[in-house]
Amino acid sequence: LFVCCWFVVKPVCKPLICVADMPATAVRTFLMFQDGKAQEALRFYVSILPNSSIDDLKLRVDGTALTAFATLAGHSVMASDSSIQHEFGFTPSTSLWVECQTREEFDKITSSLGEGGKFLMPADNYGFSQRFAWLNDRFTVSWQINLA
């Protein structure tokens, strides 16, 4: 028995996950947003990171994300808008690492993610890399961007 789930991202259908190919255990980054920012954040990330897409999005009646699955530069993430206001948010202790192949790509991604955010380590040569930046974006998600 072979079962596939189908979905529409654009005007084209493609398989999301084939049940026969699903691993018994999977690890992905989970991003919990507050104040209904999950969709906006994921659309922003997909617009600046190559090989990225929003793969599945389920909304609550109020339009906030119940669950969202995305691929960011080939990395699988899950996101949700918390329906409860928490006393905590994102922390730089956990960050998304982006490995850039060109200076142009590094500059574009760093500039885009840094707009409206806060740099923890501005773009520079810190000795362990020819170019590196660490920042919290405008959604307070922490990113480390490295030029390979």
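F44 and F139 are both buried, where buried means under 20% relative accessible area, exposed over 50% and partly exposed in between (1.4 Å probe, protein chains only). This is a predicted model, in which local features need pLDDT of at least 70, side-chain atom pairs count only at pLDDT 80 or more, and totals for chains, interfaces and linings use all residues. Residues are numbered from 1 along each chain as its sequence is written, and side-chain values use heavy atoms, leaving out hydrogens and water. Let's start with the rings and then look around them.

**Aromatic rings**
- The structure holds 10 aromatic pairs; rings of Phe, Tyr and Trp (its six-membered ring) pair if their centres lie within 6.5 Å, and planes under 30 degrees apart count as stacked, over 60 as edge-to-face and the rest as tilted.
- The rings of F44 and F139 form a tilted pair, because their centres are 6.2 Å apart and their planes stand at 55°.
- F44 lies in helix α1 and F139 in the loop between β9 and β10, so this pair ties together parts that are 95 residues apart in sequence.
- Y126 and F132 make an edge-to-face pair, because their planes are at 85°, with ring centres 6.2 Å apart.
- Y126 counts as partly exposed at 31% relative accessibility, while F132 counts as buried at 2%.
- One aromatic cluster is formed by F33, F44, Y45, F90, F139 and W143.
- R138 lies over the face of F44, 4.2 Å from the ring centre; a charge sits over a ring if NZ of Lys or CZ of Arg is within 6 Å of the ring centre and within 35 degrees of the ring normal.

**The nonpolar core**
- A nonpolar core is a set of buried Ala, Val, Leu, Ile, Met, Phe, Trp, Tyr and Cys residues joined through side-chain atoms within 4.5 Å.
- The largest one has 28 residues, and those touching the most other members are F33, Y45, L49, L113, V141, W143 and I145.
- Helix α1 gives this core its largest share, 6 residues; helices (H or I, at least four residues) and strands (E, at least two) are DSSP runs, numbered from the N terminus.
- Leaving aside residues up to four places away in sequence, V141 touches L31, F33, Y45, F90, L96, L135 and N136, with contact meaning heavy atoms within 4.5 Å.

**The sheet**
- An open sheet of 4 strands runs in the order β3-β6-β5-β4, with mixed pairing; two strands pair if DSSP finds at least two bridges between them.
- β3 and β6 pair in the parallel sense over 5 bridges, and F33 has D81 in β6 as its bridge partner.
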